[in-house]
Amino acid sequence: MNASETMHDVYLGLGANLGDRETYLRQAVTGLQRDLEPIRMKLSSLYETDPVGVEHQPLFLNACLFLRTAAPLQVVHQVARDTETRLGRTRTIRWGPRTIDIDILLFDNLVVNTPELQIPHPRMHDRIFVMVPMAELAPELRHPLLGQTMAEIAEQARKKGGIRRWKIGWEGEYAPFEN
């Protein structure tokens with residue numbers, strides 16, 4: 001990393017509901033860390049959540065990941081897609097079962113609206129499986145469009161139910177890690 005490189009704060013949503021869900025999440029985090037070379041990283045607890053959209057499918061494991069990286073948005077997006085492909089993700093049913101799902105939730109304070117990418121993620125504020133782990137990572141961070149903090153949005157989302165903390169402490173295995 002060059003000292004003059006611009007660093008970006010990136011928040012990713014991670015989810016899996018097929019196979020060994022935790023292993024897929026671990027492999028995704030390892031791949032993202034390797035390919036994006038963050039100087040700081042923070043990972044939420046794991047949460048087990050009810051499926052959204054297509055209800056008759058296995059429960060999900062979800063987490064959020066913060067990275068401070070020099071990688072530009074296009075590289076982060078491509079690395080996320082490549083990681084999904086490497087871990088067997090197929091896109092056959094919208095909101096259907098998957099080995100891994102990696103969504104860019106926030107990238108600095110950017111607002112992007114293209115056919116390929118929307119930031120902030122357009123449904124993040126409605127998704128308890130995103131907002132509860134996001135509030136754990138960055139409770140005072142404000143949503144760039146809504147102006148509310150992650151904690152405020154998570155409190156609203158919690159009313160829907162369907163989330164259980166599944167595992168605390170798994171994040172300690174990844175370096176560089178910041179508490």
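Is Val111 buried, exposed or partly exposed? Val111 is partly exposed, because its relative accessibility of 49% falls between the cut-offs of 20% and 50%. The legends below describe a predicted model.

**View 1. Val111 and a nonpolar surface patch.** Val111 sits in a loop. Strand S5 (101-107) lies on one side of this loop and strand S6 (112-113) on the other.

**View 2. Glu84 and the backbone of Ile102.** Glu84 belongs to helix H2, which covers residues 73-86. Glu84 counts as buried because its relative accessibility is 1%, under the 20% cut-off. A polar atom of the Glu84 side chain lies 2.7 Å from the backbone nitrogen of Ile102.

**View 3. Helix H3, largely enclosed.** Helix H3 spans residues 128-137. Nine of its ten residues are buried, so the rest of the structure largely encloses this helix. The buried residues include Ile128, Phe129, Val130, Met131 and Val132. Also buried in H3 are Pro133, Met134, Ala135 and Leu137.

**View 4. Ala157 and its contacts with Ile128 and Met131.** Ala157 is part of helix H4 (residues 150-158). Its relative accessible area is 3%, so Ala157 is buried. Beyond its neighbours within four places in sequence, Ala157 contacts Ile128 and Met131. His125 is 32 residues from Ala157 along the chain, yet their C-alpha atoms are separated by 7.5 Å.

Definitions and conventions. Residues are numbered from 1 along each chain as its sequence is written. This is a predicted model: local features need pLDDT of at least 70, side-chain atom pairs count only at pLDDT 80 or more; totals for chains, interfaces and linings use all residues. Side-chain values use heavy atoms; hydrogens and water are left out. Helices (H or I, at least four residues) and strands (E, at least two) are DSSP runs, numbered from the N terminus. Buried means under 20% relative accessible area, exposed over 50%, partly exposed in between (1.4 Å probe, protein chains only). A polar contact is a pair of N or O atoms within 3.5 Å; within protein, one must be able to donate a hydrogen and the other to accept it, and residues adjacent in sequence count only if both atoms are side-chain atoms. Patches are made of residues with over 30% relative accessible area and no salt bridge: like charges are joined within 9 Å, nonpolar side chains (Val, Leu, Ile, Met, Phe, Trp, Tyr) within 5 Å. Accessible areas come from the Shrake-Rupley method with a 1.4 Å probe; for residues, only the protein chains shown count as cover. A salt bridge is a side-chain nitrogen of Lys or Arg within 4 Å of a carboxyl oxygen of Asp or Glu. Contact means heavy atoms within 4.5 Å.
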